[in-house]
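Dear colleague,

I am passing the structure below on to you, and after it I set out what I found when going through it. Please read the notes with the coordinates open beside them.

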Amino acid sequence: LADAITRMSYRDLSKVLIANRGEIACRVIRTCRKLGIETVAVFSDADRHAMHVKQADEAFHIGPPPAAESYLDMHRILDVAARTGTSGIHPGYGFLSENEHFAAACAANDVTFIGPPVPAIQAMGSKSTSKAIMIDANVPVTPGYHGNNQDPEALKAEAERIKYPVLIKATLGGGGKGMRLVERPEDFLDALDAC
């Protein structure tokens, strides 16, 4: 984290809001403290007495326990950033860390998003685009098919070329949704339909 902030010219950051909770928020707070940067924590009702709330220089309530009504509400987080004079927002991981709209909203509000730039977030949101980027960078990747022909029989032929077992993965999405392990050719089309 310290290296990432250093590359971004941490000297321009006087106060960082951590748009997350728990251990990741505590780690960001400790690093900011070492760099002489003030910190702002946000918390839901459920996290009112959490460690990150106690460790931060300032802490602000952002809503009820459901993440959609608190930690994922970028308007509430940006409002706290504006009220506190925050110069940077660290999203931690999960929640808003991979949200291109949030990163763009930070920029629109003259707040540094401490994370990847919007184009990188967009590229990494697509499994096929991110894999193409890795291939172009000569990073070893698992063999697979990433062509435009999505006809089931063509996909089955590609699976046979790759050799079984194969993993069918939807281009978009995350968290293991849409993945199917196929160990035999006769199971391929049913597995594809299940994605």
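This is a predicted model: local features need pLDDT of at least 70, side-chain atom pairs count only at pLDDT 80 or more; totals for chains, interfaces and linings use all residues.

Salt bridges

The structure holds 10 salt bridges, and a few of them deserve a separate word. The side chains of K15 and E58 meet in one of these, with 2.6 Å from N to O, and this pair links distant parts of the chain, since K15 belongs to strand β1 and E58 to strand β3 (residues 58-63), 43 residues apart. K15 counts as buried because its relative accessibility is 12%, which is under the 20% limit, whereas E58, with a relative accessible area of 23%, is partly exposed.

Two further pairs sit within single helices. R83 and D79 form a salt bridge at 3.0 Å, N to O, and, because they are four residues apart in helix α4, about one helical turn separates them. R83 is exposed, at 54% relative accessibility, while D79 is partly exposed, with a relative accessible area of 38%. In helix α8 (residues 152-162), E158 and R161 are three residues apart, about one turn of the helix, and the closest N and O atoms of their salt bridge are 2.8 Å apart.

Strands

Strand β1 (residues 15-18) has K15 and L17 pointing one way and V16 and I18 pointing the other way, and all of these residues are buried. With strand β2 (residues 38-44), β1 pairs in the parallel sense over four bridges, and T39 in β2 is the bridge partner of V16. From β1 the chain crosses through helix α2 (residues 22-35) to β2, and this β-α-β crossover is right-handed. β1 also runs parallel to strand β4 (residues 88-90), to which three bridges join it; here I18 stands opposite H90 in β4.

Nonpolar cores

The largest nonpolar core has 23 residues, of which L17, I77, I89, F102 and C106 touch the most other members. The elements that give two or more residues to this core are β2, α4 (74-84) and α5 (100-108), and α4 gives the most, with five residues. Not counting residues up to four places away in sequence, I89 touches L17, A19, I77, L78, A81, F102, C106, V111, T112, F113 and I114.

A105

Lastly, A105 lies in helix α5 and counts as buried because its relative accessibility is 17%. Leaving aside its neighbours within four places in sequence, A105 is in contact with M74 and L78. From A159, by contrast, A105 is 54 residues away in sequence and 41 Å away in space, C-alpha to C-alpha.

With best regards

Terms used: Residues are numbered from 1 along each chain as its sequence is written. Side-chain values use heavy atoms; hydrogens and water are left out. Buried means under 20% relative accessible area, exposed over 50%, partly exposed in between (1.4 Å probe, protein chains only). Two strands pair if DSSP finds at least two bridges between them. A crossover is right-handed if, with the strands pointing away from the viewer, the path from the first strand over the helix to the second runs clockwise. A nonpolar core is a set of buried Ala, Val, Leu, Ile, Met, Phe, Trp, Tyr and Cys residues joined through side-chain atoms within 4.5 Å. Contact means heavy atoms within 4.5 Å. A salt bridge is a side-chain nitrogen of Lys or Arg within 4 Å of a carboxyl oxygen of Asp or Glu.
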